[in-house]
Amino acid sequence: MGRTPMIPGLPYDTELPERVGVLVLGSGLAGCAALLAAAEAGQFAVMLEKTSAIGGSTVKSAGLSAFAGTAEQQAQGIADSVELLRKDLLEVGQHRNDERLVDLYCEHQLETYDWLKRHGVQYGEVHAASGQSAPRSHPTDTTAMLVHLLKAAGRLGARLVLDSPAERLVLDGGRVVGVDVRTPDGTQRVLADAVVLATGGFSQNPDLLARFAPQMEHALRAGGDGCEGDGLLMAWQLGAGVVDTPYVKATYGHFHEMHPDEDGTGILAVYKGAIAVNHEGRRFVDESRNYKELGDRALAQPGVTTFQVFDSRVLAASSDEVPIYDFVGRESSGLLVRADTIEELEARLGLPPDSLVTTVDDYNTAIRAASPDPLGRTHLSGSVGEPFPLEQAPYFAHPSGSVVLATYCGLTVDTDLRVLDVFGDPIDRLYAAGEVIGGFHGAGYITGTSIGKAGIFGRLAGTHAAAEESELEW
């Protein structure tokens, strides 16, 4: 395979520096936000990326950020508040979140949103999604967002070095003083006044998944190519605490097998009105629940693969701006099964005779009669949208599996994003942000809070790291 093309205007460097003020590991949103924040604070900031391309899991995501009280929401007439955001975060997390981190997110979310927009990030139409009491998923082009941040950091003197995997954190006198980096010529040490771990999770490391999440045995694996748990392991070696490993979950809605036209996010037609059925043609879950719960329930079904079944009304809600709602794009790529009747769809899916027909008829009848849904569905997604009958031909089905896109557990941190050891004490001059940290999500996940926390906590981590005492003249 050839080398990934370079993006014009980024502050690339081909040589590792001997010493920097703030060293950032990882080039997803958390790393890019940390790099820019450190540069804005006046430090010589350098980013090391282990692969040959920027982006990590950020560019594999749906690109949705959960913010409350934005101009985009106001323009669409959406009523939301930081209080409602906080309530949702704690309730979806089953109150197993670190409330200090939830409060930190809520306190800094709007200023980070403003900061990102000032640097050129643009958001499209706001959508409702998993766990949200009000629509607050703000879509953006993730690669463009990272490019904006890196260019701004470059103008302040920051640098980016690709193909530079960090192997070990260097400890001296009880504090982190740099990293050892693997190069074609052997190990090279880069000294730093502070290190920010923004290395992502471990969705691409089967050994760590087997250790922490054996329940994911039948799940697909995706996420950033470099997400193998490097930062987690390096900090763990120094005694860092690790939390939330029982809550590693798969994301529902990915195509049931690897496919060249699956962009990694899958679709969530269920949040626009579809129902989810198993190989027996029966519904098995309240489809409005967050897609991590949907993933758990889907993995427990016979045959693991399930089907999102919907009609033309749902298809019409497609949005090519939001990958998880790009139903038309999936149809043109051959990822949907289409039929003129439910009977035909049932046959094409190989479901038992009359199973899907009965399921759809029962679902439609209950909605028309305003009867309680037997699985408890009252909304389309979270607390937003009202279910409607599936009755507008033609009909569609998306064979859906569950995929580990991100791990949402990891290092313990305080509200300055300092990494804490197993006793709760800071590991001096070591910071972390993004998917590599735990504590924030708790037992559940709200759509947009992964990208949201990467931007918010990455910016804060870079700012605090830049405040460490430095002898570097810059």
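Which residue lies over the face of Tyr 445, and at what distance from the ring centre? Some notes to get you started; keep in mind that this is a predicted model.

1. The answer to the opening question is Lys 292, which sits 5.6 Å from the ring centre of Tyr 445. There's another case to look at: Arg 313 lies over the face of Phe 388, at 3.7 Å from the ring centre.

2. Tyr 445 also has an aromatic partner. Its ring centre is 4.6 Å from that of Tyr 408 and the planes are at 25°, so this pair counts as stacked. The two sit 37 residues apart and link distant parts of the chain: Tyr 408 is in the loop between strand 15 (395–404) and strand 16 (410–411), while Tyr 445 is in the loop between strand 18 (426–432) and helix 13. Both tyrosines, Tyr 408 and Tyr 445, are buried.

3. Searching the whole structure turns up 13 aromatic pairs. Take Tyr 325 and Phe 327: with ring centres 6.2 Å apart and planes at 75°, the pair is edge-to-face.

4. Now for the helices. Helix 4 (residues 99–118) and helix 13 (residues 449–466) have axes that come within 9 Å and cross at roughly 85°. That angle falls in the 65 to 115 degree range, which makes helix 4 roughly perpendicular to helix 13. Residues making the contact include Leu 101, Tyr 105 and Trp 115 of helix 4, and Ile 456, Phe 457 and Leu 460 of helix 13. By class, the contact has seven nonpolar, six polar and three charged residues.

Note on methods:
Residues numbered from 1 in each chain as written. Predicted model: local features only at pLDDT ≥ 70, side-chain atom pairs only at ≥ 80, totals over all residues. Heavy atoms only, no water. Axes fitted to C-alpha atoms, helices over the stretch in contact; angles between N-to-C directions. Helix = DSSP H or I, 4+ residues; strand = E, 2+ residues; numbered from the N terminus. Parallel < 35°, antiparallel > 145°, perpendicular 65-115°, else oblique. Contact = heavy atoms within 4.5 Å. Nonpolar A, V, L, I, M, F, W, Y, C, P; charged D, E, K, R; others polar. Phe/Tyr/Trp six-rings, centres within 6.5 Å; stacked < 30°, edge-to-face > 60°. Buried < 20%, exposed > 50% of the residue type's maximum accessible area, 1.4 Å probe, protein only. Lys NZ or Arg CZ within 6 Å of the ring centre and 35° of its normal.
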